[in-house]
Amino acid sequence: MNSLLAWSLAAFSLLLLVAYEGRLYWIGRHHPERTARYANVRLRMKWVTAMSSQPGFEVVAVQALRNTLMSATISASTAALAVMGSVTLAGGSLAGKFTVGAPDEQLHAVLQAMLVMTLFASYVCSAMAMRHYGHASFIMSMPVSSPERVTFTPAAVTHVHRAGLLYSWGLRLFLMAAPLVAGIVHPAAMPVVTVLLLVALHFFDQPALLDVE
């Protein structure tokens, strides 16, 4: 394949992802009820507030947080394994190809590096989500009637909020590795896989309730 065409296809695919995320961010800022990410943010915050006003539900709250913590743990473990596998498969092919070699070899090396960085970012987001879920669990396990619980409830809201966003980004970044893998196999496959991913993300980003207040 022509080197210029290969680079153009890769750049076009990346621009599609950036444009989609930019549009989603704009919609979320102006109409948060229309995107699952921002609608779920409000849901999680209301959940913490509701559980903090119901004595005797501390165990239920901690169990719910433990379930989400386990989900983030699985995501982080999977991303970490994928990073190690990507680095192993890439091997020495990343070395020296940013300045030497044919343009198609340079593109291959760049996509490999981007794949490793994307998977690592996915791992970091999932690991940070685990951290915030853990902090929220400590707070939500306090007796509702205790003064310490009242003091730290706003912190619990913040931790659950951040954990949810980080977990979402961890999953999204992991899915975004698919176009990079396709581009490594063949540059022409990258735009096709990118479009398929955006279609899947479109349905993934639809809120369960369009009239969430």
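Predicted model: local features only at pLDDT ≥ 70, side-chain atom pairs only at ≥ 80, totals over all residues.
I started at tyrosine 123, which touches Ala76, Ala79 and Ala80, leaving aside residues up to four places away in sequence; contact here means heavy atoms within 4.5 Å. Residues are numbered from 1 along each chain as its sequence is written, and side-chain values use heavy atoms, with hydrogens and water left out.

**Entry 1: more on tyrosine 123**

I looked up its place and found tyrosine 123 in helix H4. Helices (H or I, at least four residues) and strands (E, at least two) are DSSP runs, numbered from the N terminus. Tyrosine 123 has 33% relative accessibility, so it counts as partly exposed. For that label, buried means under 20% relative accessible area, exposed over 50%, and partly exposed in between, with a 1.4 Å probe and protein chains only. I also checked tyrosine 123 against glutamate 58: they are 65 residues apart in sequence and 29 Å apart in space, C-alpha to C-alpha.

**Entry 2: the whole protein**

The C-alpha trace spans about 70 × 35 × 20 Å along its principal axes. Of the 213 residues, 38% count as buried. I then took contacts between residues at least 6 apart in sequence, and 74% of them join residues at least 24 apart.

Does the length of H1 agree or disagree with its residue count? Helix H1 (residues 3-30) has 28 residues, which at 1.5 Å a residue should span 40 Å; its end C-alpha atoms are 41 Å apart, which agrees. The expected span is 1.5 Å times one less than the number of residues. I listed buried residues of H1, among them Ala6, Leu9, Ala10, Ser13 and Leu17. Tryptophan 7 is also in H1, but at 33% relative accessibility it counts as partly exposed. Tryptophan 7 and valine 124 are 117 residues apart in sequence and 28 Å apart in space, C-alpha to C-alpha.

For H2, the 16 residues should span 22 Å, and the end C-alpha atoms are 22 Å apart, which agrees. The buried residues of H2 include Arg37, Arg44, Val48 and Met51.

**Entry 3: the nonpolar cores**

A nonpolar core is a set of buried Ala, Val, Leu, Ile, Met, Phe, Trp, Tyr and Cys residues joined through side-chain atoms within 4.5 Å. Which residues touch the most other members of the largest core? Of its 14 residues, they are Val48, Leu65, Tyr133, Met140, Ala156 and Val160. Helix H2 (36-51), helix H3 (58-90), helix H4 (103-140) and H5 each supply at least two residues of this core, and H4 gives the most, with five. I followed valine 160 and found that it touches Arg44, Val48, Leu65 and Ala136, not counting residues up to four places away in sequence. A second, separate core has 12 residues, including Ala10, Val83, Leu180 and Ile184.

**Entry 4: H5 against H6**

Helix H5 (residues 147-175) and helix H6 (residues 177-185) pack at an angle of about 15°, with their axes 4 Å apart. Axes are lines fitted to C-alpha atoms, for helices over the stretch in contact, and angles run from 0 to 180 degrees between N-to-C directions. Leu173, Phe174 and Leu175 in H5 meet Ala177, Ala178 and Pro179 in H6.

**Entry 5: threonine 194**

My last stop was threonine 194, in helix H7 (residues 189-204). Threonine 194 has 0% relative accessibility and so counts as buried. Threonine 194 touches Ser13, Leu16, Leu17 and Pro179, not counting residues up to four places away in sequence.
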